[in-house]
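Please read these notes with the sequence and the structure side by side.

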Amino acid sequence: MLFSPLRMDAHGGTIPGRYGTLFPLTLTALGVVYGDIGTSPLYAIRECFFGSHSVGPTHDNVLGVLSLVLYALLLVISIKYTSIVMRADNQGEGGILSLTALLPSRNGGRNGQNYTVLVALGIVGASLLCGEGMITPAVSILGAIEGLQVATPVFSAWVVPIAVVILVGLFLIQRHGTHRVGGFFGPVMVVWFVTIAVLGFRWIVQAPEVLWAFDPRHAFRFFVEHGWHGFAVLGAVVLVVTGAEALYADMGHFGRFPIRLAWFTLVLPALLINYFGQGALLLVNGEAATQPFFMMAPSWALLPLVVLSTVAAIIASQALISGAFSLTRQAIQLGYAPRLDIQHTSSMAMGQVYVPQVNWFLAVCTVLITIGFRSSSALAAAYGIAVTGTMVITTILLSVVAIERWKRPKPAVICVAIIFLAVDLSLFGANLVKVLQGGWLPLVIGALLFTLMTTWKTGRTLVAERLTARAFPLEDFMAAVSSLPPTRVAGTAVFMAAQPRGTPPALAHNLRYNKILHEHVIVLTVTTSHTPYVPPDQQVQVQSLGLGVYNVRVQYGFMQDPDVPRALLTARELGVELD
């Protein structure tokens with residue numbers, strides 16, 4: 001409870017009417033939330049024993065790596081994210097931008113500078129996450145299609161073309177919306193997790209000594225024996241937790257309880273059984289390190305497993321693509337991205353959106369990445385550095401929120417944060433050795449996105465300051481109208497204003513050059529709050545300035561879409577004379 005807020009928001013649980021019943025919600029969460037982390041068995045163990053910084057599949061190495069995998073899943077996913085980080089809900093919403101919005105704002109002085117640095121860290125985390133998201137579809141689908149090479153080498157030359165075709169098709173169907181296939185995702189992922197658990201159990205029975213990896217001393221002995229090289233292997237171990245941020249980001253869609261229920265009852269057991277099964281296979285046959293996941297399957301089940309793996313990889317990719325749309329929408333609402341065409345693909349779920357520009361940008365980048373790297377092993381070298389950087393930033397921001405907003409005991413928060421940072425920084429440091437092998441890719445993408453968002457935000461701020469400085473105060477405008485009444489014409493005019501206290505230039509010019517003023521004038525200002533949702537009864541505020549002039553202020557949360565006509569109808573109910 002250390003990091004939990006003083007008052008738990010109702011959106012964090014399972015609420016009938018918004019989230020539906022528990023079972024279908026948990027089933028859907030399986031398809032959306034756990035696609036990324038659920039497909040990690042395709043390549044994670046292989047990279048530990050066959051990657052660029054691998055170790056030999058000896059008995060001690062297998063137990064050491066499995067021990068690291070086990071406790072990485074328990075510490076990072078089970079304890080940090082599902083038990084603690086997911087308590088930091090912003091009106092039920094999760095994700096690093098929502099966490100950044102929870103930071104207590106300060107103006108001026110040292111605290112103001114600290115606030116700016118923390119917000120910048122949040123933007124860095126969001127940018128890194130986007131960069132990592134471009135790699136996920138490519139590495140997941142390549143990892144699945146490469147199973148064909150195990151069946152026959154004839155398909156070796158066709159892996160990349162097949163992956164490109166699947167990726168193009170995946171991005172082509174985005175405009176139809178995820179709600180059409182959303183009900184299909186959950187059952188498929190249930191089949192996936194049951195299948196990988198059965199495959200793993202089959203090999204654990206043959207080499208049960210692999211279960212000794214539950215002893216954490218095997219992890220310590222691994223580091224003692226291999227030293228610096230053992231630390232570098234952590235860069236491959238981190239592949240088992242690459243979906244951690246997705247758990248937090250998707251909390252607003254399902255609530256924390258269904259996500260936790262799915263994790264502890266199905267996902268975690270299935271992953272552990274499969275990872276231990278791959279380890280057991282390596283104890284029996286060390287040459288299986290080239291493709292341990294697919295070599296667990298009997299020959300008759302290999303092609304069906306490739307098909308199921310490909311579908312699971314597509315689902316994992318779909319979740320990240322949809323997440324990119326949602327993140328873009330949040331960035332636009334918070335003023336960190338230019339206005340783009342946002343299309344709603346569902347009349348039932350507000351969060352299901354499609355952003356054409358982002359979709360095709362992701363498509364081009366993902367296809368180029370696939371053609372450039374050509375294998376999941378090469379991409380795995382680029383995978384992990386961005387998501388571990390985001391994990392470090394999440395720990396820092398959460399600690400600040402826990403101390404300053406929730407008023408938790410500072411020494412206790414710092415102690416917990418040090419433990420998490422020790423794990424996060426170890427994983428991040430291990431991935432730094434991947435920079436030259438491809439880790440530069442998500443860093444470059446993240447740097448470009450960070451530059452875009454901060455530049456756009458700074459530009460908007462400068463423009464707003466200039467407009468405010470040059471704006472004619474609305475009070476002075478009303479005084480001028482009172483002293484020299486202009487000709488009034490029938491009807492209502494609505495003038496948009498960036499600053500509620502300034503006179504809109506269009507209104508001032510209309511009076512100056514046309515010498516007229518409408519019978520009813522509405523000065524309308526629409527702003528975005530740093531909270532996800534603003535209740536309907538708090539969205540519209542009306543101030544009568546006299547002489548038929550009204551100042552109407554409308555505010556929405558960054559997860560809501562502005563609806564100006566509806567806001568004007570609400571303003572009419574609050575006393576504004578409006579046809």
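The points below cover a helix pair, the nonpolar cores and one asparagine.

1. The model is predicted, so local features need pLDDT of at least 70 and side-chain atom pairs count only at pLDDT 80 or more, while totals for chains, interfaces and linings use all residues. Residues are numbered from 1 along each chain as its sequence is written, and side-chain values use heavy atoms, with hydrogens and water left out.

2. Helix α4 (residues 59-84) and helix α11 (residues 228-237) have axes that come within 11 Å and cross at roughly 55 degrees. The two are therefore oblique to each other (angles under 35 degrees count as roughly parallel, over 145 as roughly antiparallel, 65 to 115 as roughly perpendicular and the rest as oblique). Helices are DSSP runs of H or I, at least four residues, numbered from the N terminus.

3. On α4 the contact is made by V65, L68, V69 and A72, and on α11 by V233, L234 and V237 (contact means heavy atoms within 4.5 Å).

4. The largest nonpolar core has 149 residues, of which Y34, L73 and F193 touch the most other members. A nonpolar core is a set of buried Ala, Val, Leu, Ile, Met, Phe, Trp, Tyr and Cys residues joined through side-chain atoms within 4.5 Å. Apart from this core lies another, of 13 residues, including M478 and F495.

5. Leaving aside neighbours within four places in sequence, L73 is in contact with residues including I37, W263 and Y275.

6. N431 is found in helix α20 (residues 410-432). N431 is buried, with a relative accessible area of 0% (buried means under 20% relative accessible area, with a 1.4 Å probe and protein chains only). Leaving aside neighbours within four places in sequence, its contacts include G235, V238 and Y383.

Terms used. Axes fitted to C-alpha atoms, helices over the stretch in contact; angles between N-to-C directions. Buried < 20%, exposed > 50% of the residue type's maximum accessible area, 1.4 Å probe, protein only.
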